[in-house]
Amino acid sequence: PTTHPDRCEFAIVVEEAMQGNGLARALMHRLIAAARERGYRSMEGVILRDNPRMLKFCEAMGFAVEASPDDPAERIARRSLVD
């Protein structure tokens, strides 16, 4: 991802023992709210292609997922923060 003043990046890591209880969803909602409060217009993150659970999670959270132009092993998840 490239840096733009109206775009921010996200990263979420949840320990395997803590997965499946809604923690990642709660964290993502908080990240989105904080980014909006700070005036960002979009959010993006890099996800490994071989992490289908995270790719599916991002899509469920409203992110569009596409191939990375820089690395075939990565995907870029992007979401508008503007209503």
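This is a predicted model: local features need pLDDT of at least 70, side-chain atom pairs count only at pLDDT 80 or more; totals for chains, interfaces and linings use all residues.

Me: Which residues of helix H2 are buried?

Reply: Helices (H or I, at least four residues) and strands (E, at least two) are DSSP runs, numbered from the N terminus. Buried means under 20% relative accessible area, exposed over 50%, and partly exposed in between, with a 1.4 Å probe and protein chains only. In H2, which spans residues 52-60, the buried residues are Met54, Leu55, Phe57 and Cys58.

Me: Why do the buried residues of H2 line one face of the helix?

Reply: An α-helix has 3.6 residues a turn, so residues three or four places apart point the same way. Seen down the axis of H2, the buried residues fall within an arc of 160 degrees, so they line one face; the arc is that of the directions from the helix axis to the C-beta atoms. Pro52, Arg53, Lys56 and Ala60 are exposed on the face turned away from the buried side. Glu59, also in H2, counts as partly exposed because its relative accessibility is 48%.

Me: Against which elements do the buried residues of H2 pack?

Reply: Contact means heavy atoms within 4.5 Å. The buried residues of H2 pack against helix H1 (23-37) and strands E2 (42-48), E3 (64-67) and E4 (74-80).

Me: Which residues of the largest nonpolar core touch the most other members?

Reply: A nonpolar core is a set of buried Ala, Val, Leu, Ile, Met, Phe, Trp, Tyr and Cys residues joined through side-chain atoms within 4.5 Å. The largest one has 17 residues, of which Phe10, Met28, Ile32, Met43, Met54, Cys58 and Phe63 touch the most other members. H2 supplies the largest share of this core, four residues.

Me: How many disulfides are there?

Reply: A disulfide is a pair of cysteine sulfur atoms within 2.5 Å, and by this rule the count is zero. The sulfur of Cys58 lies 13 Å from the closest cysteine sulfur, in Cys8, which is too far for a bond. Cys58 counts as buried because its relative accessibility is 0%, and Cys8 counts as buried at 11%.

Conventions:
Residues are numbered from 1 along each chain as its sequence is written. Side-chain values use heavy atoms; hydrogens and water are left out.
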